[in-house]
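Thank you all for coming. Please bring up the sequence and the model on your screens, and I will walk through a few places in turn.

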Amino acid sequence: MTFRSLLLAALAAVPCLTAQTADVSFRNDVIPILTRAGCNAGSCHGAASGKNGFALSLFGYDPDADFRALTRELRGRRVDPAQPEQSLMLVKATTGAVHQGGTRLDPNGPFYATLRAWIAGGSPDDGKKAPALAAIEIVPGDSVLIGAEADVVQQVRARYADGTERDVTALALWSSSNEGAATVTAEGRVAAKTPGETCVLARFGGLAAAAQVLVLADDAPLAWPESAQARNFVDEVVHLKLRAARVAPADVCSDAVFVRRVHLDLLGLLPTPDETRAFLADGDADKRGALMDALLTRPEFAATQAMAWAEVMQVDAATMEGKGASLLGQWLRDVFAQHRPLDAAVRELLTAEGSTFSAAPANFHLVAAEPHLLAEKVAQNLLGVRMQCAQCHNHPFEKWSMDDYYGFAAFFGQLGRKRGDDPYEWVIWDRRNGDVRNKRNGEVAAPRLLGGGVVKVPPGTDRRAVLAQWLTAADNPFFAANVVNRLWARLFGRGIVDPVDDVRVSNPPSHPRLLDQLAKLFVDSGFDVRPVVATICKSRTYQLARHTGSPPAALFAGNQVRRLSAEQLLDAIGAVTGVPTKYQGVALGDPVTGLDGSGANVRFLEVFGRPARTSACTCDRREEPTLGQTLHLINGDTIAQKVGDKNGRMRQGLGAKQVPDAMLDELFLRAYSRLPTTTERERLLAAVAASQDKVAAWHDVYWAVLNSKEFTFQH
């Protein structure tokens, strides 16, 4: 047999590249199938080092590397065009050979057929010829399911750069954020379980789409209370969702609850008895609005806002040195006290340079030593975006790629840092040179805006200035929304996007329109937080009492009872007992808002969850009650020493022979912003009268009040 005849016989044995096989795209068909089958998941071959010598990029973020691994490694044994069924990638996935991952493909299913056709066609890589995936969409989108047996079948539509569309439902990865409310199958069927709300997420081709699904118990008509009238756009948006969920809002809270709530939320402090008495006695119908307007002008409001942002920006002596942290903390207080527009302040912060002892904002650049770590903190703190996942692979639940990650880091690649003349001083400057390399391909990363693409930075221009201008622009989709979302979270205990620093497709806002309207108000008000806070606090939604039912927290149908923060609680104990805490570097009697750095060695603050400010994540502040906190309140020295202090309010009152009724009234007004009920008054005064030791009796009364849930929680 001649060589030519042998060659022709061999070629005849290879399946022809038919129209069917030619239509199979490596980028848009093969990789999605591997993702859908779990082959490139982090628990399988998508792990950093792969599995058993076979490594794929996580969720297919690097198709070039995946093509080489499938067709070039292991002497090409993973694909066999002459005998497609004998290709190792098919044999293993169908457990025709030992495979620790088990069965991943049905040999009679469509995925197997597509992979076989691709292999039979010569395993081509369509590369740049393949139309790029532009977007995916869940159809239908947001849905309402009524009853435990209700369901809806959703579809994922993919749109490509060439204008074509495609149904990729079977290739998408589906998940439900709250399977207690509704589950979703691999085919996109969403089934109701119990009343509640969930976010259904579909992932395909490195993109994600989400749809919110509301599950109702029944279709009974809603009896909307006549008193629940919207006071502004906040109520209008919240009420729309409440009506859709068939949930009536709670009643408005009492004046006593309101005056305590608004003082704690806006000032971080309890109202004084005189302030409470004046408010309760005021007969003006608009006294709540007048009180809020007055509180917004007080220096304590500016200090509280500054403390909140100092936590966000990780102002801490351990990172910035004591003097640097103090200077940056004071700079933040000045920003809010002087009503400086927040966009201008952020631009100053991002572009700061010089000595950290003379240019206070420059201390912010000490929170991270590497450009990519500083970029992560800027994105999370100022935009609410967590980019950490994209450092090693494309973000699995968002649109951010490794190119986005390193492109954003490139804005800080030319930042210089060195020690100053003082050993505790740093000098920050723009070096005008320096690059960040993309770990995906080892190439120099060009500065890239999140969602805005690569930007050309004019020669001699500080890259940070370009970033700062974009970040604080009125049309930036993240900055203003992040600020108002954080304000909302401080007033309600949870954000419209929650957590506030985790904005992504799979974590959509509970009220998108409300977030947009608040952000617009913030921008239109010259980036001043006060009009936003005033609008929120004057809404009926903010002034609600606790709901008698148990609606989902994201509906904001009633006030969410939450424990006082560590700072609020310690200052409140000092205010009730008349024995303030002395904070390092803060005048005696001044509140914790004057404290720079983290806990400053105040054990109480550490126990009750004040964060160490070593991370940009809001999860570092522990809000859940712990056994240690309970023991500290019951048996710790904080309450015992302050109540028993000879200069404290209790001992001074007894020394002045204050009338027991008056002592009790003052205690309740300071702690609860209300007078004792008849039952409380009779029981407590009777216990005091029956005791031979008045000091011990009153000590017990103070102890009981300071350990009560009404005192330690915000209502």
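When I say that two residues touch, or are in contact, I mean that they have heavy atoms within 4.5 Å. Please also keep in mind throughout that this is a predicted model.

Is Trp 224 buried or exposed? Its relative accessible area is 15%, and since buried means under 20%, Trp 224 counts as buried. If we leave aside residues up to four places away in sequence, Trp 224 touches His 239, Leu 242, Arg 243, Val 247, Ala 248 and Pro 249. As for Leu 296, which is 72 residues from Trp 224 along the chain, the C-alpha atoms of the two are separated by 33 Å.

Three strands form an open sheet in the order 1-4-5, and the pairing is antiparallel. Strand 1, residues 133-139, and strand 5, residues 165-167, stand at the edges with a single partner strand each, so one side of each is left without a neighbour in the sheet. Neighbouring strands of this sheet are turned against each other by 25 degrees on average, with direction ignored. Between strand 1 and strand 4, which covers residues 155-160, there are six bridges, and if you look for Glu 137 you will find that its bridge partner in strand 4 is Arg 157.

Sorted by class, the contact of helix 26 with helix 27 has seven nonpolar residues, no polar ones and one charged residue.

My last stop is Thr 712, whose place is in helix 28, residues 709-712. Thr 712 has a relative accessibility of 6% and therefore counts as buried. Again leaving out residues up to four places away in sequence, Thr 712 touches Arg 563, Leu 564, Leu 569, Leu 633 and Leu 706.

Key: Residues are numbered from 1 along each chain as its sequence is written. This is a predicted model: local features need pLDDT of at least 70, side-chain atom pairs count only at pLDDT 80 or more; totals for chains, interfaces and linings use all residues. Side-chain values use heavy atoms; hydrogens and water are left out. Two strands pair if DSSP finds at least two bridges between them. Helices (H or I, at least four residues) and strands (E, at least two) are DSSP runs, numbered from the N terminus. Axes are lines fitted to C-alpha atoms, for helices over the stretch in contact, and angles run from 0 to 180 degrees between N-to-C directions. Ala, Val, Leu, Ile, Met, Phe, Trp, Tyr, Cys and Pro count as nonpolar, Asp, Glu, Lys and Arg as charged, and the others, Gly among them, as polar. Buried means under 20% relative accessible area, exposed over 50%, partly exposed in between (1.4 Å probe, protein chains only).
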